[in-house]
Amino acid sequence: MSIQSDNFQAPEIDYDDFRNSVGTMDETGNRKWVYPRKPKGKYTNYRNYTSNFLLLLFFGLPFVKINNNPFLLFNVIDRKFFIFGQPFYLQDFFILALGAVTSVIFVMLFTVVFGRIFCGWLCPQTIFMENVFRKIEYLIEGDRNKQMKLDRQEWNSEKITKRLTKWSVFVLISMIITNFMFMYIIGYEDVFKIILEGPVDHSLQFLGMVGFAIMFYFTFAWLREQVCTLVCPYGRLQGVLIDKQTINVYYDFKRGENRSKWRNNEDRKAVEKGDCIDCHQCVVVCPTGIDIRNGQQLECVNCTACIDACDEVMEKVGLPKGLIRYATEAEIENQEKFTFTSRMKATTVFLALLIGFLGFLMYDRGSMEAKFIKPAGSTFFIKNGKITNTFIYTLLNKSNEKKTLSIKVMSPKNAEINFFGSEKIILKGDQILKGNINIAFPEKEIKYSKQNMTIGVFDEKGNLVDSFETVFEGPFQLPL
């Protein structure tokens, strides 16, 4: 094995302090604060690009509109829902329910094959913690060693100034995140209105915002990695989903063991030493405080900080990179090169089909929805040889375009419709309209006390936009 560096010195570590900082709890169950070193490297750069893009989406999407509709809005109070600019109503709840089930299946299958990539790369908790709050902490208090020193020192002017500055910035960012979160609930116009008019006129909304801001501050200033290790159900779920064929961040123990400190000009292979030089750099960068060399753990969020730290050390000592890498457990045990297995290919195809199915559910809703319901307690009446039923119609225009509509009975034939108003119904975009109509048939046409009937709604070009099946009531007749 070639050695490219003859003067490499492993980083100095205070091992007494190091032992007191690994993990998030001590032997008595009390919490131990985690001070991760600022990561750097290829994967860290990729994660930064991903996080910055997602943060840009989070802070930008509330102002994006499609056809004058919000891109995303989940107004539970006023029952207004918009996804990708498409309005969703209570009538579409089954689509959202099926979409939620599809999403759960997607997450489970994705985890079975690709592990906990979501946690390290896409989870809002990780993005805000590592790419917003942690970076501010580094900027104000410094890297790992400076933070630990500041935590140990007395409350002097330096510590008070840095801590108050950090906490104040954390409060400000928590308030900003809260305001943008509320934009996804009530819209940015109403949020700006609440801000401008003040808490007196909007006390309930203001108290809600304060409550969420406190929750965000508590989460990112104190709870931190415990959200991932103790609170998040997905972290617990992954333990029953992953197997030896799941891709995760793994330490190559067959290559790394036996661990031993680095000695210059030593042939480690000849003395049966592994490539791990026991520098602990993979541990000090871990945001959840674990040692990845102890095997796959529920606390690992696949953030790849340990990969970058280990690759940096391997490069300095002239050993191959990848001692810690994305791999499967089977690949590590068998020392095989990673291959995209048939199971992975099949699962990926199925995941793509699930996404397509979810998209189909969201967009195949039709532009109109019509219902014709008989008023409670109403029945038929007979006049001039005709049997008449009264119906209450509800028309919902799901599009953004104004529609001119007409109502016709498609079956049975020979129906007569009397409108309480104009026969031409004008419905604006995203409008719900209710009205009454009387439908009459000649007595000889109604042969049953409950006759199946189909009512159609047509646009101004005569195209059917929706239909509704109901029952027309008539007098009871004994069969001959």
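In strand E16, Thr470 is the bridge partner of Met453. The model is predicted: local features need pLDDT of at least 70, side-chain atom pairs count only at pLDDT 80 or more, and totals for chains, interfaces and linings use all residues. Residues are numbered from 1 along each chain as its sequence is written, and side-chain values use heavy atoms, with hydrogens and water left out.

Strands here (E, at least two residues) and helices (H or I, at least four) are DSSP runs numbered from the N terminus. Two strands pair if DSSP finds at least two bridges between them. E15 and E16 are joined by nine bridges in the antiparallel sense. Five residues lie between the strands of this hairpin, where Gly462 takes a positive phi near 90°. On E15, strand E11 (residues 403–411) also pairs in the antiparallel sense, over five bridges. Within that pairing, Ile407 stands opposite Val457 of E15, and Ser411 has Thr454 of E15 as its bridge partner.

These strands belong to an open sheet of four, in the order E13-E11-E15-E16, with antiparallel pairing. Strand E13 (425–427) and E16 stand at the edges with a single partner strand each, so one side of each is left without a neighbour in the sheet. On average, neighbouring strands of this sheet are turned by 35° against each other, direction ignored; the axes behind this angle are lines fitted to C-alpha atoms, for helices over the stretch in contact, and angles run from 0 to 180 degrees between N-to-C directions. Buried means under 20% relative accessible area and exposed over 50%, with partly exposed in between (1.4 Å probe, protein chains only). Seven of the nine residues of strand E15 (residues 450–458) are buried, so this strand is largely enclosed by the rest of the structure.

Two lysines are placed over rings. A charge sits over a ring if NZ of Lys or CZ of Arg is within 6 Å of the ring centre and within 35 degrees of the ring normal. Lys408 lies over the face of Phe458, at 5.3 Å from the ring centre. The charged end of Lys374 sits over the ring of Phe391, 5.2 Å from its centre.

The aromatic rings come next. A pair of aromatic rings is described by the distance of the centres and the angle of the planes. Rings of Phe, Tyr and Trp (its six-membered ring) pair if their centres lie within 6.5 Å; planes under 30 degrees apart count as stacked, over 60 as edge-to-face and the rest as tilted. By this rule the count is 22 aromatic pairs. In one of them, Phe58 and Phe180 form a tilted pair, 6.4 Å centre to centre with 40° between the planes. This pair links distant parts of the chain, with Phe58 in helix H2 (residues 42–60) and Phe180 in helix H7 (residues 157–186), 122 residues apart. Phe180 counts as buried, because its relative accessibility is 16%. Phe372 and Phe468 form a tilted pair as well, at 6.4 Å centre to centre and 50° between the planes. Phe372 lies in strand E8 (residues 368–373) and Phe468 in strand E16 (residues 464–473), so their pair ties together parts that are 96 residues apart in sequence. Both Phe372 and Phe468 are buried.

Phe58 and Phe180 also belong to one aromatic cluster, which includes Phe59, Phe63, Tyr184 and Phe220. As for helix H7, its 30 residues should span 44 Å at 1.5 Å a residue, and its end C-alpha atoms are 43 Å apart, which agrees; the expected span is 1.5 Å times one less than the number of residues. After H7 comes Gly187, with a positive phi near 95°.

Another open sheet has three strands in the order E3-E4-E5, with antiparallel pairing. Strand E3 (72–75) and strand E5 (86–88) are its edge strands, each pairing on one side only. From one strand to the next the twist averages 30°. Strand E4 (residues 80–83) runs antiparallel to E5 and is joined to it by three bridges. Gln86 in E5 is the bridge partner of Ile83.

Two further buried residues complete the tour. Asp275 is found in the loop between helix H12 (253–256) and helix H13 (281–284), and it is buried, with a relative accessible area of 5%. Its side chain makes a polar contact with the side chain of Arg255 (2.6 Å). A polar contact is a pair of N or O atoms within 3.5 Å; within protein, one must be able to donate a hydrogen and the other to accept it, and residues adjacent in sequence count only if both atoms are side-chain atoms. Val313 is in helix H14 (residues 305–317) and is buried at a relative accessible area of 7%.
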